[in-house]
Amino acid sequence: MKIALFVSGSIAAFKIPTLVSSLIKNGHEVRVAMTSSAKYFVTEKSLAIMSKHPVLTDENQFQNAEHVSHIELAQWAELALIAPASANTIAKLANGIADNVVTTTLLATNAPKIVIPAMNNQMWSSQQTQENISRLRKFNINVIEPEVGMLAEGYEAKGKMPEPSTISLIVENFDSSQFLKGKKILISAGGTKERLDPVRFLTNDSSGKMGTALANAAAGAGALVTLVTTKDLPTIPNVKKIFVESAQELNNKILENFSNTDIVIMAAAVSDYRVDHVANQKIKKTSPTAGLDLHLIQNPDILSELGQKKENQYVVGFAAETNDLVANATKKLEAKKADMIIANSVGGENKGFNSEDNEITILRHNQEPKVVSKMAKTQIAKIILKELL
Ligand code: CTP
């Protein structure tokens with residue numbers, strides 16, 4: 001993607017060369033424009049070297065007589081990323097003021113825009129800034145809320161720019177059509193842990209990558225996402241994460257959130273069994289030769305329960321199979337009363353559990369199975385969400 005990156009005057013600008021490097025690593029082409037006050041915090045040279053292009057500034061914008069540089073950049077851009085966006089640049093953007101190279105280019109471009117504010121907490125919460133932020137949203141400009149964290153002033157408050165790795169994740173997941181805007185999506189991810197004693201547990205190979213990829217892609221398309229997960233993987237700021245460990249905890253959190261959701265996707269690998277009694281102390285060997293019998297009882301089948309309880313919710317499950325993929329997954333679609341089952345092979349090389357890639361078959365009632373060939377889980381996630389729509 002062709003990304004025009006606009007850097008304005010906030011101390012967080014010193015992190016932008018790292019962001020440029022990360023965007024380029026992900027295969028994007030990046031061109032930078034910066035305001036004069038951004039130059040207090042990051043050099044034009046470092047941004048030019050990292051982006052491999054000259055940086056557009058107020059001083060050099062009219063150097064080239066053949067074309068008007070800011071209009072050229074405005075027309076070239078497929079995405080306009082404003083990071084960090086200072087209170088001043090936000091105010092200008094919200095009111096159509098075009099008095100420097102950044103604001104003129106932004107006024108001229110039709111590219112979708114993502115604004116990443118970074119400023120002092122009081123400047124952020126001021127009525128003026130908040131009003132400007134609402135105006136940006138009214139113009140369909142995407143604004144990422146700043147994080148709560150240590151500010152340059154030396155105290156913790158809301159105003160911090162997300163780390164470059166997070167901004168990069170936001171860009172990768174951004175869908176300018178915002179096709180899930182306002183939809184509430186509940187997603188589970190990761191393998192559950194069933195305790196045997198204080199230091200041991202039963203679990204499985206699930207990494208949580210597929211469920212987390214779905215959460216990020218859904219949030220990037222405008223959904224309000226709640227992710228109930230056993231794994232702490234990177235997510236974008238508007239994914240609300242709830243951490244759980246066991247199947248029973250997962251069950252409780254999913255049911256608590258179910259009535260207030262439009263779509264639920266059970267990507268978690270839920271342990272079917274748990275021990276009927278968790279030992280309070282570490283289980284000891286009773287003799288040098290004796291084995292150990294564990295009595296396992298069944299965990300609730302969460303997806304089946306959702307299938308029974310659903311009213312208007314659209315319920316999606318996964319089926320992890322080592323054999324007879326479509327036949328086994330079709331049985332789960334029927335038995336669990338799901339609306340969609342995403343079937344994937346596990347146990348093979350390089351797909352399913354723990355890998356970066358997946359190969360899936362989408363099953364729905366009265367529809368032919370749809371095969372999606374092997375690709376990155378981040379891409380698979382976007383395809384699944386489009387199918388849901
Ligand atoms: N699932 C669930 N609760 C369980 C077990 C599974 O909600 N106790 C959900 C999973 O999140 C997944 C779907 O059911 O969306 C199918 O999970 P899978 O492990 O493939 O199948 P099981 O129902 O456990 O059946 P089996 O292990 O016999 O294949």
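How far is an oxygen atom of the ligand from an N or O atom in the side chain of K336? The distance is 2.4 Å in this predicted model. The legends below start with the pocket and then turn to the ligand and the backbone.

**View 1. The largest pocket and its lining.** This pocket holds about 720 Å³ of space. Its lining counts 34 residues. Nearest the centre lie A268, A269, V270, F318 and A320. Three elements each give the lining at least two residues: α9 (209-220), α11 (302-309) and β16 (314-321). Sorted by class, 15 lining residues are nonpolar, 13 are polar and six are charged.

**View 2. The ligand in the largest pocket.** The ligand sits in this pocket.

**View 3. The shell around the ligand.** In total, 14 residues surround the ligand. The closest are M266, A268, L303, K332 and K336. A268 is also among the residues nearest the centre of the largest pocket. Nine residues of the shell are nonpolar, one is polar and four are charged.

View 4. K332 takes part through its side chain, where an N or O atom is 2.8 Å from a ligand oxygen atom. The side chain of K336 has an N or O atom 2.4 Å from an oxygen atom of the ligand. On its own, the ligand has 570 Å² of accessible area, and the protein covers 77% of that area.

**View 5. A cis peptide bond at P84.** Most peptide bonds are trans. The bond between A83 and P84 is cis. Its omega is about -10 degrees. P84 belongs to strand β3, which spans residues 79-85.

**View 6. A positive phi at D324.** Most residues other than glycine have a negative phi. D324 is not a glycine, yet its phi is positive, at about 45 degrees. Where is D324 placed? It lies in the loop between β16 and α12 (325-335).

Terms used:
Residues are numbered from 1 along each chain as its sequence is written. This is a predicted model: local features need pLDDT of at least 70, side-chain atom pairs count only at pLDDT 80 or more; totals for chains, interfaces and linings use all residues. Side-chain values use heavy atoms; hydrogens and water are left out. On a 1 Å grid over the protein atoms alone, a cavity is a set of points where a 1.4 Å probe fits but cannot get out, and a pocket is an open set with protein on both sides within 12 Å along at least five of seven lines; lining residues have an atom within 4 Å of a point. Grid points are joined across faces, edges and corners, and a volume is the space filled by probe spheres set on the points. Helices (H or I, at least four residues) and strands (E, at least two) are DSSP runs, numbered from the N terminus. Ala, Val, Leu, Ile, Met, Phe, Trp, Tyr, Cys and Pro count as nonpolar, Asp, Glu, Lys and Arg as charged, and the others, Gly among them, as polar. A residue is near a molecule or strand if one of its heavy atoms lies within 4 Å of it. A polar contact is a pair of N or O atoms within 3.5 Å; within protein, one must be able to donate a hydrogen and the other to accept it, and residues adjacent in sequence count only if both atoms are side-chain atoms. Accessible areas come from the Shrake-Rupley method with a 1.4 Å probe; for residues, only the protein chains shown count as cover. A molecule sits in a cavity or pocket if more than half of its atoms lie within 2 Å of its grid points.
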